[in-house]
Amino acid sequence: RGIVLRLYNTTDEEQTARLKAGFSAASCERTNLLEEPTEALPVTENCVTLTLAAKKIATVVVYGESIHE
């Protein structure tokens, strides 16, 4: 299991989000709204960067080293 985050881009333009985990992040996945994986996202120094299209919701799951399955 991991920590599920939902991000919403309220603007009319594509935006970049940078998430920083307050724990040792082992991996991260972008998912659909049913939390089914769609894309692996690289984790660098406990940070994940992703692009959000205009007026769209993004769901990501961050897995910590102690909770990674």
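Helices (H or I, at least four residues) and strands (E, at least two) are DSSP runs, numbered from the N terminus. By that count, this chain has 0 helices and 6 strands, and reading along the sequence gives the pattern β-β-β-β-β-β.

What you're looking at is a predicted model, where local features need pLDDT of at least 70, side-chain atom pairs count only at pLDDT 80 or more, and totals for chains, interfaces and linings use all residues. Residues are numbered from 1 along each chain as its sequence is written, and side-chain values use heavy atoms, with hydrogens and water left out.

**The whole chain**

With a radius of gyration of 12 Å, close to the 11 Å from the globule rule for 69 residues, the chain is as compact as a globular protein of that length. The radius is taken over C-alpha atoms, and the rule is 2.2 Å times the number of residues to the power 0.38. Along its principal axes, the C-alpha trace spans about 40 × 25 × 15 Å.

Now for contacts, meaning heavy atoms within 4.5 Å. Of those in the chain with a separation of 6 or more, 73% are between residues 24 or more positions apart.

As for burial, 30% of the 69 residues are buried. Here buried means under 20% relative accessible area, exposed over 50%, and partly exposed in between (1.4 Å probe, protein chains only).

| Residue | Relative accessible area | Class |
|---|---|---|
| Cys-28 | 2% | buried |
| Thr-31 | 8% | buried |
| Cys-47 | 8% | buried |

Thr-31 sits in strand E3, which covers residues 25-31. Leaving aside residues up to four places away in sequence, Thr-31 touches Glu-36, Pro-37, Thr-38, Thr-59 and Val-61.

**The cysteines**

How many disulfides does the rule give? A disulfide is a covalent bond between the sulfur atoms of two cysteines; the rule used here asks for a pair of cysteine sulfur atoms within 2.5 Å. The count comes to 0. For Cys-28, the nearest cysteine sulfur is that of Cys-47, 11 Å away, and Cys-28 is in no disulfide. Cys-47 is in no disulfide either, its nearest cysteine sulfur being that of Cys-28.

**Charges**

Lys and Arg count as positive and Asp and Glu as negative, while His and the chain ends are not counted. Each charge is placed at NZ of Lys, CZ of Arg, CG of Asp or CD of Glu. The chain has 7 positive and 10 negative charges, and their mean positions are 5 Å apart.
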